[in-house]
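Have a look at it first, then work through the points.

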Amino acid sequence: MATTTSLNIAFIGGGNMASALIAGLLAKGQPTSLLHVVETDAKKLADFEAQGLNTYNASNIDDTKRAIEKADVVVLAVKPQVIKDVLLPVKDSWGEQVVISIAAGIGTESLAEWLGPQVKLVRAMPNTPAMIQMGATGLYATAAVSEAQQQLAQQVMSAAGLVLWVDDEDLLHAVTAISGSAPAYFFYMLENMIATGEKLGLTQTQATALAMQTALGSAQMALTSDDTPAELRRKVTSPNGTTQAAIEVMDDKKMHQIIADAMLACEQRSRELSQAFGK
């Protein structure tokens, strides 16, 4: 089976997520000579060129076409609002490339219309911790994508963290709710824990350090323990203790329902945006 280190990978768009994937690929030994970036921003192009990557000006359609035609794998890393306008002018440039779209909300039906039916399409739903190679990404492949091509897509996306496949494209909305948007849920929790810690007398520095280390340690425990998160919670909740007092307030406020409602709202909004951007 081919590996990414022997293949040309092109990124259409050089923003944060593309930069994170490129950093991860370089860390895994991908030669700079096999990485190509198409971007409009001159500073970003200069930065990529300084790293030894091949760069192309997205304002020049011929430049974009050259990058596509050289590539074995193409990552579509442009904003969903502009992806249609980016793809239609280069529709005649596609061949047998594996195309990975990380444009949120754009379905494979719309992408196939703009790219052409012959393109091997994979949709990806990453999250922002991918920027430090600690992300979680949901992937979906169309029927035209072979198992070997799926493995290539997985190699590319795993450069930024965990990769998980779903066999129904519709499930990417659920992926958005549980991981794509979810870093913000945890940041929100930390934000409010820190603020309350300050109200209780800690300095902002103290409250921040304690809350963040607790979040990190708890996540690591959950990842490495044989116990479920529910069982870990029960083990730390002593009868009539301080933790039980906190959990009882959360239960009284129906925290479980708040979390469920928030995730359902996220999933629904993902569907709405998909319909809007896919037109």
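This is a predicted model: local features need pLDDT of at least 70, side-chain atom pairs count only at pLDDT 80 or more; totals for chains, interfaces and linings use all residues.

1. Start with the largest nonpolar core: it has 29 residues, and Ile9, Phe11, Val75, Ile100, Val122 and Met157 touch the most other members. A core here is a set of buried Ala, Val, Leu, Ile, Met, Phe, Trp, Tyr and Cys residues joined through side-chain atoms within 4.5 Å, where buried means under 20% relative accessible area (1.4 Å probe, protein chains only).

2. Helix 1 hands this core its largest share, five residues. Helices (H or I, at least four residues) and strands (E, at least two) are DSSP runs numbered from the N terminus.

3. Residues count from 1 along each chain as its sequence is written, and side-chain values use heavy atoms, without hydrogens or water.

4. What does Ile9 touch beyond its neighbours within four places in sequence? Its contacts (heavy atoms within 4.5 Å) include Leu25, Leu35, Val73, Val75 and Val156.

5. Now the second largest pocket: 33 residues line it, with Gly15, Ala77, Val78, Lys79 and Pro80 nearest its centre. Helix 1 turns up here too, giving the most to the lining, three residues. A pocket is an open set of points on a 1 Å grid over the protein atoms alone where a 1.4 Å probe fits, with protein on both sides within 12 Å along at least five of seven lines; lining residues have an atom within 4 Å of a point.

Notes:
Buried means under 20% relative accessible area, exposed over 50%, partly exposed in between (1.4 Å probe, protein chains only).
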